Structure formats: structure tokens, C-alpha cells
Amino acid sequence: MSAILWVVSPKENAQSLLSLIPRNGRRRRCKFNSRLSLSAYSNAVANPSRSSEERVYELVLKQAALVRELRKESALDLGKTIETDGTTDWNLLNKAYERCGEVCAEYAKTFYLGTLLMTPERRRAIWAIYVWCRRTDELVDGPNASHITPKAMERWEKRLTDLFEGRPYDMYDAALSDTVSKFPVDVQPFKDMIEGMRLDLRKSRYDNFDELYLYCYYVAGTVGLMSVPVMGIAPKSKVSTERIYNAALALGIANQLTNILRDVGEDARRGRIYLPQDELACSGLSDEDIFRGKVTDKWRSFMKGQIKRARMFFDEAEKGVAELSSASRWPVWASLLLYRQILDAIEANDYNNFTKRAYVGKAKKLVSLPAAYGRALLGPSKLVELVKR
Ligand SMILES: CC(C)=CCC/C(C)=C/CC/C(C)=C/CC/C(C)=C/[C@@H]1[C@@H](COP(=O)(O)OP(=O)(O)O)[C@]1(C)CC/C=C(\C)CC/C=C(\C)CCC=C(C)C
Ligand SMILES: [Mn+2]
């Protein structure tokens, strides 16, 4: 991974990269906080001491506002118009995107296949976002993670703002720089993801779900917010932009909660527990129980609650997929269905996520792909009609 992501050949460096670019946690005792962000927004207005969900929802509104005007003007097919300013080196830019596609194909095969159904402009933009997210995660999870200092994170953030201003540092940055110049993507979710990685470097316990939710937003909810402006919203969609962004946020949160539940043992071996401490205590469990890694009835019961909550976020996400532009629905459904099955696999392992890795086998994956395709055929109006029947 690192070799692919970090090595830039001298030849590429020698070329002007510029030429690539056209112009408070509240404690809730023994009760899972399963509120989703839509209801949280009204609370945010009424309640000055806001929860993470409420604060995140404000960010969602900001993102949604960015594209709302464009929707009104029915001008969301932004990716189709590529302006030429005479200084762009299109060959090099195409090569940069191709590289992003290669990285994506290597690290996320199923997802890569899904992107092949999207329009070429959207597909390569999603690849560029994917690579930036992967690289950001690599900073704290990769082989060089122990050398990553706050200064290094600062440099990474400076690189981000530079590429948003049209000053990319390498090929991968150049692809993203081009993407953000063509689609109404805001820098905030990217900055927030970096913030999440910073948090991960200094924090290994989460007092309650409110704290965990914020972490999940930073490292995963942000991906939804980055992706929607590129994936596009179906012109026929009657649903508010905010609701669609909320669903996208929910998908990121659901995926990360699932990741966390799958990796409990692996994380514990690194001294990390991404589970709400207050909920563990309510179930009569402590850090020592996690480190011991024994599946008990207390653990099963705790896990049932966690899985239930993750599924609620998937349900919320489902409400938004049909609103996406038609070619973007399939990869989203595919990733949603595949990820959600990891929760089934944890159950099938009798909640042993200490020593058994829950995974979705090839056969199940193969079945999910046509299932995702079938669902993707349902656009906004059709789904509403079905519900009405
Ligand atoms: C309306 C609606 C539902 C729209 C869809 C919106 C959408 C496309 C949401 C995407 C949600 C998504 C795939 C989130 C990623 C969540 C995730 C797994 C985050 C991981 C973080 C850190 O986790 P950890 O370190 O614990 O895990 P590892 O052991 O390292 O795996 C991440 C690794 C952060 C980095 C994220 C990525 C590399 C994924 C980026 C993906 C995209 C840009 C493409 C998203 C598009 C599709 C079609 C799924
Ligand atoms: Mn990671």
C-alpha cells in the first residue's frame, strides 16, 4: 500500500504539477442513544449544550446548502463539462486519475467494480476521493504511523488546502484538485477526516456513544458528505438535499460502527477500545473483559444492542440511496448490502469478534451484486410509488 501511495517517480516530480489543474458528550445511563441526526437538528436549535449528533448535523446542512442551489437550477451534471483553459496537461491528468483507479482496484475491488457503472467523470472523481481517504487513513494506520507527529498532520492539512486552491503536490493530489474544481465538494469534510485521524492518535477510549459518534463522523461520515456532490442527485428526486446528505452521513456512520464491531479483538490487541464505556459498564463489562476476550452472555447481550444500533444507521442510509443519480445507485447499494452482512456474520460467529473475523464470503458477495443492481433500478419516484401501494 505505502509504496503505491507514497512513491512519486522523479519523472512525475519533474513535470509541473500545476499544469495539471484547470483553473459535549451527554451521559445516558444504561440506555442506547439511537437518535438519528434529523431529529437532532431540531434539538440543536432548542438546546445550547449540543450533542455531537447535533453539531455534525449543522455540518450536514452546510454541505447540503452547497448543492441545493445547483439542484434548483437542474445543473447537477457538473462532471460532464470540462473546460479547457489551454494550460492543462490532459495526458498527465488522465494518468493521475488512472493511477487513482489502480489503487482503488487494488484495495477495494468490489467497490471499484461498482464505480465502473458510473459516468467516467464521476467514476474518476470518486477514485480520487477514495485515494485521498486511504492515504489519510494510512498516516495513522500504516507502517509509518509511529512517526506521524502533529506537525506531519499539519503538513497533510496544508497540502489539502493547497490542492483545493489548485496547488497539488503530487499526482494523486492533482487528480483530487481537478475533481474539487469540477464538483461542488467542500473542504470541510476533508479537514474533519484529518481531525478524526488526529483524534485517533491521542484517544483510545470513548466515554459514551456521543463521543464515539463524533469519531465515526470524522473518519467515515465525512466520506458520505464528500461523495454525494460527485455521485449526483437524481433530477426527479423530490426529497430535500438535507435528507439525502443525512442518509449519506448515516451510511458512513453505519459502516464505521460495523468496522468497529468486527475489529473489537484486533483493536484490543493494540490497546484500543472503540466502544461506549458507559454502555459497557451498564452491561457489567469492563476493559479487562474485552482484553480477556471471552464470549459470555453479558457480551452477547451488549453486542446485540450495538448491532441493533448499527442496523438503524443502515436503515436510515437506505432511505437516501434511491435519490442518487441512477448510475451512482448500484455501487452504493452494493457497498451497503455487503457491509451490512458483516453484522450478520458477527451474529453467525456467536458474537465472537475477539478471535474470529466476521467476513462476507465470495458466494454471498456474488449474490449481493445483482441484488444491489435490482434495487438500483428503483429511482426516487418508483420507490415512492411502491411504498404508496
Ligand atoms: C444517499 C447515500 C446513502 C449516499 C451514499 C454516500 C456514500 C457514498 C457513503 C460512503 C460511506 C463509506 C463507504 C464510508 C467509509 C467508511 C469507512 C469504512 C471508513 C474507514 C475509516 C477508518 O477506519 P479503520 O481505521 O477503523 O478501518 P481500517 O481497518 O483501516 O479499514 C476509513 C478507513 C477511512 C477511509 C475511507 C475510505 C478509504 C473509503 C473511501 C470511500 C470512498 C471515497 C467511496 C465511497 C463510495 C461508495 C460507492 C461506497
Ligand atoms: Mn484504518
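User: By class, how many nonpolar, polar and charged residues does the shell around ligand 1 have?

Analyst: Please note at the outset that this is a predicted model. A residue joins the shell if one of its heavy atoms lies within 4 Å of the ligand. In this case the shell around ligand 1 comprises 18 nonpolar, eight polar and three charged residues.

User: Which of the 29 residues around ligand 1 come nearest?

Analyst: Phe111, Asp137, Asp141, Asn255 and Asn259 come nearest to ligand 1.

User: Which side chains place a polar atom by an oxygen atom of ligand 1?

Analyst: One looks for pairs of N or O atoms within 3.5 Å. Aspartate 137 has a polar side-chain atom 2.9 Å from an oxygen atom of the ligand. For asparagine 259, a side-chain N or O atom is 3.3 Å from an oxygen atom of ligand 1, and for glutamine 256 a polar side-chain atom lies 3.4 Å from a ligand oxygen atom. As to cover, ligand 1 has 1,000 Å² of accessible area on its own, and the protein covers 89% of that area.

User: Which elements give two or more residues to the shell around ligand 1, and which gives the most?

Analyst: They are helices H7 (120-141), H11 (209-231), H12 (241-262), H16 (297-321) and H17 (326-348). H12 gives the most, with eight residues.

User: What lines the largest cavity, and how much space lies in it?

Analyst: A cavity is a space where a 1.4 Å probe fits but cannot get out. Here the largest cavity holds about 50 Å³ of space. Its lining consists of Leu212, Leu257, Ile260, Leu261, Tyr274, Gln306 and Arg309. H12 and H16 are the elements that give two or more residues to this lining, and H12 gives the most, with three. By class, the lining has five nonpolar, one polar and one charged residues.

User: What does UniProt list for residues 212-234?

Analyst: The unreviewed UniProt entry lists residues 212-234 as a "transmembrane region". In the model, the chain over residues 212-234 is 87% helix and 0% strand, with its end C-alpha atoms 32 Å apart.

Key
Residues are numbered from 1 along each chain as its sequence is written. Chains are lettered from A and ligands numbered from 1 in the order in which they are written. This is a predicted model: local features need pLDDT of at least 70, side-chain atom pairs count only at pLDDT 80 or more; totals for chains, interfaces and linings use all residues. Side-chain values use heavy atoms; hydrogens and water are left out. A polar contact is a pair of N or O atoms within 3.5 Å; within protein, one must be able to donate a hydrogen and the other to accept it, and residues adjacent in sequence count only if both atoms are side-chain atoms. Accessible areas come from the Shrake-Rupley method with a 1.4 Å probe; for residues, only the protein chains shown count as cover. Helices (H or I, at least four residues) and strands (E, at least two) are DSSP runs, numbered from the N terminus. Ala, Val, Leu, Ile, Met, Phe, Trp, Tyr, Cys and Pro count as nonpolar, Asp, Glu, Lys and Arg as charged, and the others, Gly among them, as polar. On a 1 Å grid over the protein atoms alone, a cavity is a set of points where a 1.4 Å probe fits but cannot get out, and a pocket is an open set with protein on both sides within 12 Å along at least five of seven lines; lining residues have an atom within 4 Å of a point. Grid points are joined across faces, edges and corners, and a volume is the space filled by probe spheres set on the points. UniProt positions are given in the numbering used here, feature names are shortened, and annotations may be inferred rather than shown by experiment.
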